[in-house]
Amino acid sequence: MSTAPPVRRLGVIVGSLRQASFNRRLALALQRLAPPSLQWQPIAVGDLPLINQDHESALPAPVQAFKQALAACDGLLLVTPEYNRSIPAPLKNAIDWASRPKGQNSLGGKPCAICGTSPGQLGSAAAQQHLRNVLSVLNAPTMSQPELFLHFTPELIAEDGSVANDATRQVLERYIAAVAAWVERWAA
Ligand code: FNR
């Protein structure tokens, strides 16, 4: 008799604040295709103040809430756009807060996965590579493969996150199944 895999909470951060964000659409598509063992926990980063060490001794309320949300999840999925071949500022700001104060790194040991999309041909590859470097400094075990660099076209993912193209849907399905396995491996 096989038993169902335990439910794991996946925090999901979208690095774009734009309402009609293609990366938000990608996150929605992945949520629709995720195995039932993943409980989806969107974590917003848009209301975090800009990182300022003057406020490290008494963290602003949104930062406290953000760090609590990170602590409550078993793994983290970062869905990132690319800004000028690098990590968008709202996402970098969130990661910087997560890493502070010194000795209270919320990402240490947290299994992470990175993906992203862009209308550009490289599908956010450069931003993802920079993000990988940052997570490595923070000791966050980050899934290496499969990678997901999606060249976004308007017909690829509908606003409701549905994916019409079979090949794309299979790629996304395989990716999010691998994320679930990655989180499970570190939780076990
Ligand atoms: C971009 N964009 C972009 N795209 C890309 O593929 N490589 C890049 O280096 C950049 N640089 C860049 C800088 C800035 C400041 C902006 C605002 C945009 C375009 C970007 O991929 C596009 O706007 C996406 O739609 C952003 O993702 P969301 O918001 O749709 O998720």
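How are helices H2 and H3 oriented to each other? They are roughly perpendicular, a label that covers angles of 65 to 115 degrees, whereas angles under 35 degrees count as roughly parallel, over 145 as roughly antiparallel and the rest as oblique. The structure is a predicted model, in which local features need pLDDT of at least 70, side-chain atom pairs count only at pLDDT 80 or more, and totals for chains, interfaces and linings use all residues. Residues are numbered from 1 along each chain as its sequence is written, and side-chain values use heavy atoms, with hydrogens and water left out.

The chain has five helices and five strands. Helices (H or I, at least four residues) and strands (E, at least two) are DSSP runs, numbered from the N terminus. From that terminus on, the elements run β-α-β-α-β-α-β-α-β-α. The chain is as compact as a globular protein of its length, because its radius of gyration is 16 Å, close to the 16 Å that the globule rule gives for 188 residues. This radius is taken over C-alpha atoms, and the rule is 2.2 Å times the number of residues to the power 0.38. The C-alpha trace spans about 50 × 45 × 25 Å along its principal axes. Buried residues make up 47% of the 188 residues. Buried means under 20% relative accessible area, exposed over 50%, and partly exposed in between (1.4 Å probe, protein chains only). Ala89, in helix H3, is exposed, with a relative accessible area of 55%.

The strands form an open sheet. Its order is S2-S1-S3-S4-S5, with parallel pairing. Two strands pair if DSSP finds at least two bridges between them. Strand S2 (38-42) and strand S5 (149-151) are the edges, and each pairs on one side only. The twist averages 20 degrees from one strand to the next.

Strand S3 (residues 75-79) is joined to strand S4 (residues 112-118) by four bridges, and the two run parallel. Leu76 has Cys112 as its bridge partner in S4. Leu77 stands opposite Ala113, and Leu78 is partnered by Ile114. Strand S1 (residues 8-14) also pairs with S3, in the parallel sense, over five bridges. There, Val14 stands opposite Val79.

Both S3 and S4 are enclosed. Five of the five residues of S3 are buried, so S3 is largely enclosed by the rest of the structure. For S4, seven of the seven residues are buried, so S4 is largely enclosed too. In a regular strand the side chains alternate between the two faces of the sheet. In S3, Gly75, Leu77 and Val79 point one way, and Leu76 and Leu78 the other way. In S4, Cys112, Ile114, Gly116 and Ser118 point one way, while Ala113, Cys115 and Thr117 point the other way.

The axes of H2 (residues 61-71) and H3 (residues 89-98) come within 10 Å and cross at roughly 80 degrees. Axes are lines fitted to C-alpha atoms, for helices over the stretch in contact, and angles run from 0 to 180 degrees between N-to-C directions. Val63, Phe66, Lys67 and Leu70 of H2 meet Ala94, Trp97 and Ala98 of H3. These residues divide into six nonpolar, no polar and one charged. Nonpolar covers Ala, Val, Leu, Ile, Met, Phe, Trp, Tyr, Cys and Pro; Asp, Glu, Lys and Arg count as charged, and the others, Gly among them, as polar. Contact means heavy atoms within 4.5 Å.
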